[in-house]
Amino acid sequence: MAATNKPIVSVIMGSTSDLPVMKKALDLLEQMEVPFELLALSAHRTPEEVTDFATHAEERGIRVIIAAAGMAAHLCGVIAAQTTVPVIGVPIASTLSGMDALLSIVQMPGGIPVATVGINGSLNAALLAVQILAVADADLAERYRGYKEGLKQKIVKANADLAEVKDYKYKTN
Ligand code: RP5
């Protein structure tokens, strides 16, 4: 995928205080060459802007929305309520170790799904977005396969490293 000014993924966060957690998602999208936009929107601080964003996302060519929020994290559900674009929610550990945000995002009533990753799980949110997009993009699917192969190599190396641990009489390998 060539670099372009036209985003296909929106990464939304409730506050710039969420940015450090979301960096892993941004880095992964960059690595996978997926054009994305990065916006701050808040369901309680800028409700009109959230509606404007959600209602126009599809016509602007956005194919996946990643929405991160902490505390009473209604941002993700409010966006999902107003678009047909799939929304992936990232609960941010801001208070209560992130349990407040996790439950706010994952417990959507039937009819309006938000695909929720783990607390501070921004990397998985970006990977899910890549997987969704890769269904219709063979080049991206190939890059994603390369990423997964890299994960496997990490474990191959881990086993080689663990084989070098010689400190134990009863370790048999
Ligand atoms: C939410 O409240 C944000 O997503 C953030 O996680 C949390 C705290 O926001 P700030 O007070 O740091 O702006 O809206």
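Me: Buried means under 20% relative accessible area, exposed means over 50%, and partly exposed lies in between (1.4 Å probe, protein chains only). With that in hand, what is the relative accessible area of Glu 37?
Reply: This is a predicted model, in which local features need pLDDT of at least 70 and side-chain atom pairs count only at pLDDT 80 or more, whereas totals for chains, interfaces and linings use all residues. Residues are numbered from 1 along each chain as its sequence is written, and side-chain values use heavy atoms, with hydrogens and water left out. On this basis Glu 37 is classed as buried, its relative accessible area being 13%.

Me: With which residue does Glu 37 form a salt bridge?
Reply: A salt bridge here is a side-chain nitrogen of Lys or Arg within 4 Å of a carboxyl oxygen of Asp or Glu. The closest N and O atoms of the pair that includes Glu 37 are 2.7 Å apart, and the partner is Arg 60. Because Glu 37 lies in strand β2 (residues 36–40) and its partner in the loop between α2 (47–56) and β3, the contact ties together parts that are 23 residues apart in sequence.

Me: How far apart are the closest N and O atoms of Asp 27 and Lys 23?
Reply: These two residues sit four apart in helix α1 (residues 19–31), so about one helical turn separates them; helices are DSSP runs of H or I with at least four residues, and strands are runs of E with at least two, numbered from the N terminus. Asp 27 is partly exposed at 40%, and Lys 23 is partly exposed at 47%. They form a salt bridge in which the closest N and O atoms are separated by 2.8 Å.

Me: What is the handedness of the β-α-β crossover from β3 to β4?
Reply: Strands pair if DSSP finds at least two bridges between them, and β3 and β4 (residues 87–92) pair in the parallel sense over six bridges. Ala 69 stands opposite Pro 91 in β4. A crossover is right-handed if, with the strands pointing away from the viewer, the path from the first strand over the helix to the second runs clockwise. Here the chain passes from β3 through helix α3 (residues 75–80) to β4, and the crossover is right-handed.
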